[in-house]
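Subject: Structure handover

Hello,

I am passing on the structure we discussed. My notes follow it.

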Amino acid sequence: MEGELWRRSNFVFFEESGENDGLASLTSPPMDSTTPLLRTPRSRSYSRNSFPPATASSRQNLSRRLSFYPSRLDSDDGASLILKRQRGTLSYLSRRNRNYDDLEDESLFQEGNGLRVWYDDYTTIDWIHDYVKERVRIRRLRSIGGWRGWSLTRLDSLQAWILISIIGVSAGVIASLVAFSQLWLTDVKTGYCSSNFFYRKKYCCPNAPTNATIPCPQWRPWEEEHPISEYWGMSMSQEVFMIGSAAFALLAALITTLSATASKSSHSSHRQIVYHAAGSGVPQVKTILGGFVIRGCLGLRTLVVKSIALAFAVASGLCIGQQGPLVHIACCVGNVSSRLFEKYATNEAKRREMLSAASAAGVSVAFGAPIGGVLFSLEEVSYYFPSKTMWRSFLCALLAAVTLKLINPFGAGKLVMFQVTYDHDWQRFELIPFLLIGLIGGAYGGLFVKASVRWSNFRQQIGLDRNPIIEVVLVSLLTAYLSYGSYLTRIGNNELIGNLFSECNSDDDLQGLCKTTSFGEMMRLITWILFLKTFLTVVTFGIRIPSGIFSPSMVVGACGGRIIGMLVDELQKQHPDHWMFSQCPKDRDCIIPGVYAMVGAAATLSGVTRMTVSLAVIMVELTGALAYVIPIMCSIMVAKWTADFIESKSIYDSLIRRNGHPYLDHKHEYHPKTGSTRHPADAGDVAERPTMTEMDEYLECFSIEKRYTSLEIEAKMTRLSHSRWHEDGGFAVLYGQMLIGYLAYNELSHAWNQIRKAQDMNCRFYFSRPDGDLPDDVEDSPVQELDLSPWMDQAPLSVRSHTSMELVTELFVKLGVKTLCIIEDDGTFVGLIHKKRLLAWLLNEDLS
């Protein structure tokens with residue numbers, strides 16, 4: 001029989017019109033008023049335990065049963081345009097132009113896992129379904145024989161490396177453009193180059209010494225061009241500096257508002273406005289890689305907006321970093337680029353492998369540390385990290401670093417501004433101050449996490465969070481006013497870190513860091529910078545612009561470390577003959593304060609983020625001093641222990657918890673709090689149980705022995721939507737009280753919305769029986785019927801009700817389970833546990 005699939009109102013319709021053994025062709029003939037909305041099923045459906053041979057009749061039955069399958073699977077956002085997918089004309093940058101599961105792939109139905117629509121916003125992905133889907137795709141591809149099969153298989157493997165190359169090179173180019181823009185904007189706040197307005201100060205006077213006291217002849221400060229009297233007790237230079245800082249911060253805030261998206265939240269059933277380009281982005285990336293869906297967070301708009309806003313935000317002089325946002329930007333590149341290839345565009349689990357590699361590229365361009373980037377992706381953000389992902393992450397980070405090196409945005413051949421080298425080895429007695437630095441850095445990290453939470457609550461109490469643009473301008477003015485007093489506080493964080501890491505010598509006074517003549521004056525200067533940066537970091541953290549925490553934490557740690565290094569150096573100079581300093585050479589300095597600054601930066605950053613292995617490798621790659629790996633490792637380990645003692649959560653985990661993201665950390669042990677008891681619980685105790693009616697029918701379940709009207713479907717969905725986590729919930733499909741399958745809320749919601757849009761409220765829904773038969777009277781019913789069996793998971797994971805919750809937790813963590821069905825020993829359905837409910841139980845939250 002010849003079949004035609006017709007598209008109308010996001011439906012695909014089937015109508016018999018002749019004889020043909022093939023599947024229905026994709027055509028779109030003109031529709032008239034006599035076109036049936038839904039095909040009334042009149043044939044037996046396939047059994048859930050077996051699939052009929054691939055004959056013409058079975059394919060025809062398959063097309064009938066999937067007559068509902070939409071040509072555009074989308075969420076219930078009201079969009080109902082029909083997208084005509086023609087070969088060679090697919091818009092590859094739009095994810096919504098594809099169906100998530102392939103309609104014509106019969107082998108996918110044989111797995112019995114059910115079809116899926118696109119995951120809704122603020123829901124978890126089904127790792128198991130996506131793994132099965134990928135295995136089915138590979139099996140089908142390898143079934144092709146001959147040279148054609150060999151070529152297609154090799155081309156399929158090559159797609160991953162092509163995509164990795166695109167992500168790596170793109171991340172390097174974008175990071176270079178951000179660096180170029182940020183450096184030029186920073187210089188424009190103080191003046192301009194008379195020879196070429198678009199020259200930075202460094203290129204305006206390329207042969208001028210780096211000493212900050214010697215002016216550049218071609219560089220014209222603004223106060224010289226417009227000499228006016230002082231206002232408010234400030235010079236013209238200070239006024240221009242403050243106005244420029246506030247203007248750049250205002251532009252960054254206004255640009256960030258362009259990323260506003262209406263998103264769902266776990267705290268409320270209503271949508272709220274979320275600015276995806278604001279903040280670091282690392283907590284969101286970490287949550288997404290853990291199997292969570294946040295619509296728009298890694299989209300093209302976020303990529304463009306955050307890249308532009310980041311340059312203005314860093315140039316404003318605020319106490320923020322650009323390393324975290326660069327990781328977010330790299331992941332946006334990876335997400336957008338993944339849409340070029342079908343196997344990544346329509347498989348969320350596979351796409352997250354590319355996002356893991358992209359995060360490695362982000363760290364590579366942020367710190368100039370490709371190996372550290374791979375370890376960062378493994379240690380900090382990735383949830384699923386197989387060996388092949390490590391190889392791809394390595395190549396992606398390498399290409400990103402090479403691209404940044406070739407473009408050379410800093411003009412000195414360095415990958416980052418604070419890249420330094422040391423040629424002196426450390427002495428054994430220095431291990432004691434290194435451990436002390438780790439202790440202080442860890443204490444700062446734990447206290448900073450607590451202070452950030454307190455400050456966030458205070459901002460909400462006084463209403464600053466409701467006026468984000470005003471808050472950004474006020475913070476920028478405060479930062480510019482307090483920072484103008486010293487040249488070292490006026491320069492950018494990255495440049496300041498580079499100066500603190502470096503050694504003092506006669507050729508370079510490090511822009512005033514080494515020009516002081518007395519020890520006390522230098523100590524007072526660095527101590528002022530330490531307290532100023534600490535205060536500004538706490539106040540600035542959380543404002544609505546692209547901002548990271550890496551650079552500010554490193555500045556604070558570098559100041560503290562350099563202070564301790566200077567104290568040890570002064571002690572050695574005052575007592576050179578002491579037995580403790582007997583190993584010091586007599587022909588050169590024994591203590592290098594810059595080394596202590598580097599160790600302090602590592603310790604503080606570890607205390608804030610709880611990074612360990614990746615951070616040690618990053619610091620070694622930054623300095624090129626492999627001899628200092630032991631002091632770095634010791635300080636990092638002590639810092640992590642100290643920070644964990646003060647505050648168990650890192651800054652990223654704190655933000656994830658504050659935003660209400662259901663991130664199930666596979667590296668974390670969910671023990672009860674000290675002093676509290678958690679009694680042993682079984683799966684049946686935690687499961688969400690359905691409500692039994694007087695007719696012995698479950699309200700939150702479906703029966704394959706009954707047909708359901710549109711009103712009954714709406715009533716069930718309305719009841720489930722009142723639950724706390726309905727987006728990740730669903731309905732058990734029962735035969736009597738025996739569990740037969742599971743239908744997710746997302747799939748049923750999509751089916752209901754399409755029926756509602758088509759205005760066919762007389763349609764009825766049913767499920768096929770396990771033996772393949774239809775419910776009673778379905779074949780002879782004059783009413784349009786819709787079989788939901790293709791959307792049903794016919795083999796849901798289930799455990800007995802007396803199963804320990806420890807085992808249930810391991811199933812969710814190790815297997816990536818989205819929903820677990822709970823049954824009795826005889827197969828009677830008990831209830832459901834999904835990821836959000838499990839996490840609420842682990843955190844001792846109310847499950848009602």
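The side chain of Thr803 comes to 2.8 Å from the backbone oxygen of Arg800, a polar contact (a pair of N or O atoms within 3.5 Å; within protein, one must be able to donate a hydrogen and the other to accept it, and residues adjacent in sequence count only if both atoms are side-chain atoms). This is a predicted model, in which local features need pLDDT of at least 70 and side-chain atom pairs count only at pLDDT 80 or more, while totals for chains, interfaces and linings use all residues. Residues are numbered from 1 along each chain as its sequence is written, and side-chain values use heavy atoms, with hydrogens and water left out.

Thr803 sits in the loop between β13 (798–800) and α28 (805–815); helices (H or I, at least four residues) and strands (E, at least two) are DSSP runs, numbered from the N terminus. Thr803 is buried, at a relative accessible area of 12% (buried is under 20%, exposed over 50%, partly exposed in between, with a 1.4 Å probe and protein chains only). Leaving aside residues up to four places away in sequence, Thr803 touches Ala681, Asp682, Ala683 and Val808 (contact means heavy atoms within 4.5 Å).

Next, helix α14. Its 21 residues (387–407) should span 30 Å at 1.5 Å a residue, and the end C-alpha atoms are 31 Å apart, which agrees; the expected span is 1.5 Å times one less than the number of residues. The buried residues of α14 are Thr389, Arg392, Ser393, Cys396, Ala397, Ala400, Ala401, Thr403 and Leu404. Seen down the axis of α14, they fall within an arc of 165°, so they line one face of the helix (the arc is that of the directions from the helix axis to the C-beta atoms). They pack against α4 (146–188), α11 (342–345), α12 (348–367) and α13 (370–381). Trp391 and Leu406, on the other side of α14, are exposed. Asn408, just after the helix, has a positive phi of about 55°.

Last, a sheet. Three strands form an open sheet with mixed pairing, in the order β8-β9-β10; two strands pair if DSSP finds at least two bridges between them. β8 (701–703) and β10 (738–744) are the edge strands, each pairing on one side only. β8 and β9 (730–735) run parallel and are joined by three bridges; Leu734 in β9 is the bridge partner of Ser703. Helix α26 (710–721) lies across β8 and β9, at about 130° to β9 (axes are lines fitted to C-alpha atoms, for helices over the stretch in contact, and angles run from 0 to 180 degrees between N-to-C directions).

Regards
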